[in-house]
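This briefing goes through a two-chain model, with the points grouped by topic.

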Amino acid sequence: MPDEFLTPVLGTVVLWFLSASAAVTLAGALASASVSPRRLVRRPAEGFMLVTRGVPTSLLVIVAGLAAMPYPPPGWLPNPFPGTSSGMTLVAWAVTLALAFGSTGHLAVIFRTGYRAIGPIRLEQLRLLGLGAVDRGRIVVRESAKASLAPTGARLVHHLHNTGFAALFPVADLFGWIQQRSHETFEVSRFVAIGVTAYVVLSLLIWAVTRTLEARLGAPRAPGAVPRPAPQPAAQPAPAVLAGSAADTGPSGAP
Amino acid sequence: MIVDLLIGLPDQRPGGLLLSVLATVVAGGLAVLAGMLYATACVTAPRLTLAVQGGLAVLRGVPLLLLVFALTQLTTLPLLASGIAALFLYSLSHVGEALRSYLAAYPPTLREQARLLGFSRPREWATLRVPWTVRRSLDALGTHWISLLKDTGALVVIGIGELTTVARLLSERTDTRGWLLILLLAAGLYLLVVVAMTRAISFVTVRFARQGL
């Protein structure tokens, strides 16, 4: 039983990890393109975001799965999906890609909103600092993450739930296992309870990782939360230059 | 073919896009009503409703696919009713929490104004607090309804003839060239409805904002 249960759980985790990684990467690129001043870059990115947000993941998975089904997997294609037969590797990769597309548009909008939350003045400050593109990008990602981590976590939980669509094809995952075992044993409530527990635990893990990252970045705990007051100058003496800059920017850091 | 995608297969009507929209309206509408009751209960008696709040939090961690499957297998409801009940529960778990947070954020100044005008508590809730909450949460509700329309595709696991299921059945019946066209048409229909819903919600939100609501 443990092995029999662990394989589909691992299958779901692998599907989620690979597709979420692809979605986050693609969404980052799309979000960057969608704030470009060049219309030729911005418009296609916005169009792609609209399409991936408007088409259900279930349909994307069906298209990808049906497209990959007739073809044998090429020899060089790895099979990292536990429980999925080697003959279905191409279908599993196609489903992974479809799952990634299903979340890309949503994540891109979240990232773009986080970027805009930094504000034009702060962005101008970063530009004037004369940092290289990589360093500036790192700071922008870090600062926008404060606003975008919570919705990203929520979307990644939804993304985990969407991995269940893999069960429409012979790709091993938790939801497919629950369906199969329920039909084989007629112990539906038992396997549904196991599935609910597993999905809730996995969702909690994603939520916990997001909250830990939020705490590390010092993000507010909830939208509209009041930021902690800045330390009093008397309690924490600062050099003259820093004290001056603090006076310029005010307690919340805003100019 | 396009007719089948719009209103369902001849022996399963209403189906297709029409059923997807109907399921969204019924499940989403009931979820808003129940969500408002839940939010009211949570704001007026937060400690008494802790168990319900915990239950909804757990429900948010359960995939819609699993809810659909569980309700179909564990209840004696007809397939369509099970599917809509699953959509309702899923929607309630999200909408209820959004309404609760907005209802709790009702400004004390408005409450004070209602008191000065001599409004009774039920009248204040009916004429000020609930409309204020609905208007403020319209953006979040709109996003959720769009998501719910797309999530009706989860009913494909129990074979209810909504748009995704019809598209899948039609694509399986056609040759290798036709299936992609059918699925692309279905995707286009979803996209059209999503764009229309987005525009409608933006229009209403902007209108409320102009009125200062």
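A:Leu205 lies in helix H8 of chain A. A:Leu205 is partly exposed, because 13 other C-beta atoms lie within 10 Å of its own, a count between the limits of 12 or fewer for exposed and 20 or more for buried. A:Leu15 is 190 residues away from A:Leu205 along the chain, and their C-alpha atoms are separated by 16 Å. The model is predicted, and the points below cover its confidence, the two chains, their contact and selected elements.

**Confidence**

- For the complex, the predictor gives an ipTM of 0.85 and a pTM of 0.84.
- The average pLDDT of chain B is 89, and 99% of its residues score at least 70.

**Chain A overall**

- Chain A contains 9 helices and 0 strands, so its pattern along the sequence reads α-α-α-α-α-α-α-α-α.
- Chain A has 255 residues, and buried residues make up 40% of them.
- Taking the contacts in chain A between residues at least 6 apart in sequence, 75% join residues at least 24 apart.

**Chain B overall**

- Chain B contains 10 helices and 0 strands, and its pattern along the sequence is α-α-α-α-α-α-α-α-α-α.
- Of its 213 residues, 38% count as buried.
- Along the principal axes, the C-alpha atoms of chain B fill a box of roughly 70 × 40 × 25 Å.

**Contact between the chains**

- On the chain A side, 24 residues are in contact with 27 residues of chain B.
- Four helices of chain A give two or more residues to this side: H2 (39–54), H3 (57–68), H7 (174–185) and H8 (188–217).
- The largest share, 9 residues, comes from H8(A).
- By residue class, the side of chain A that touches chain B holds 15 nonpolar, 9 polar and no charged residues.

**Helix H4 of chain A**

- H4(A) covers residues 89–118, which is 30 residues.
- From its first C-alpha to its last, H4(A) reaches 42 Å, close to the 44 Å expected at 1.5 Å a residue.
- There is a bend of about 35° in H4(A) at A:Thr104.
- H4(A) is largely enclosed by the rest of the structure, because 25 of its 30 residues are buried.
- After H4(A) comes A:Gly119, which has a positive phi, near 95°.

**Nonpolar core**

- In soluble globular proteins, nonpolar side chains tend to be buried together.
- The largest nonpolar core of this model has 108 residues.
- Residues of both chains are named as having the most contacts inside this core: A:Leu59, A:Val61 and A:Val95 from chain A, and B:Leu66, B:Leu67 and B:Val68 from chain B.
- H4(A) gives the most to the core, with 16 residues.
- A:Leu59 is in contact with several residues of chain B, when neighbours within four places in sequence are left aside.
- These partners of A:Leu59 are B:Gly153, B:Thr164, B:Ala167, B:Leu183, B:Ala186, B:Ala187 and B:Tyr190.

**Helix H9 of chain B**

- H9(B), residues 163–173, is largely enclosed by the rest of the structure, because 8 of its 11 residues are buried.
- The buried residues of H9(B) are B:Leu163, B:Thr164, B:Thr165, B:Val166, B:Ala167, B:Arg168, B:Leu170 and B:Ser171.
- Two of these, B:Thr164 and B:Ala167, are also among the contacts of A:Leu59.
- The cover over the buried residues of H9(B) includes H3 of chain A, along with H1 (2–7), H2 (16–44) and H10 (178–210) of chain B.

**B:Lys150**

- B:Lys150 is placed in helix H8 of chain B, residues 138–151.
- Why does B:Lys150 count as buried? It has 23 other C-beta atoms within 10 Å, and a residue is buried at 20 or more.
- Residues up to four places away in sequence not counted, B:Lys150 touches A:Pro56 and B:Tyr190.
- B:Tyr190 is also in contact with A:Leu59.
- B:Val193 is 43 residues from B:Lys150 in sequence, and the distance between their C-alpha atoms is 9.9 Å.

Notes. Residues are numbered from 1 along each chain as its sequence is written. Chains are lettered from A and ligands numbered from 1 in the order in which they are written. This is a predicted model: local features need pLDDT of at least 70, side-chain atom pairs count only at pLDDT 80 or more; totals for chains, interfaces and linings use all residues. Two residues are in contact if their C-beta atoms, placed from the backbone, lie within 7 Å. Ala, Val, Leu, Ile, Met, Phe, Trp, Tyr, Cys and Pro count as nonpolar, Asp, Glu, Lys and Arg as charged, and the others, Gly among them, as polar. The expected span of a helix is 1.5 Å times one less than its number of residues. The bend at a residue is the angle between axes fitted to the seven residues ending there and the seven starting there. pLDDT is the predictor's confidence in each residue, from 0 to 100. A nonpolar core is a set of buried Ala, Val, Leu, Ile, Met, Phe, Trp, Tyr and Cys residues joined through C-beta atoms within 7 Å.
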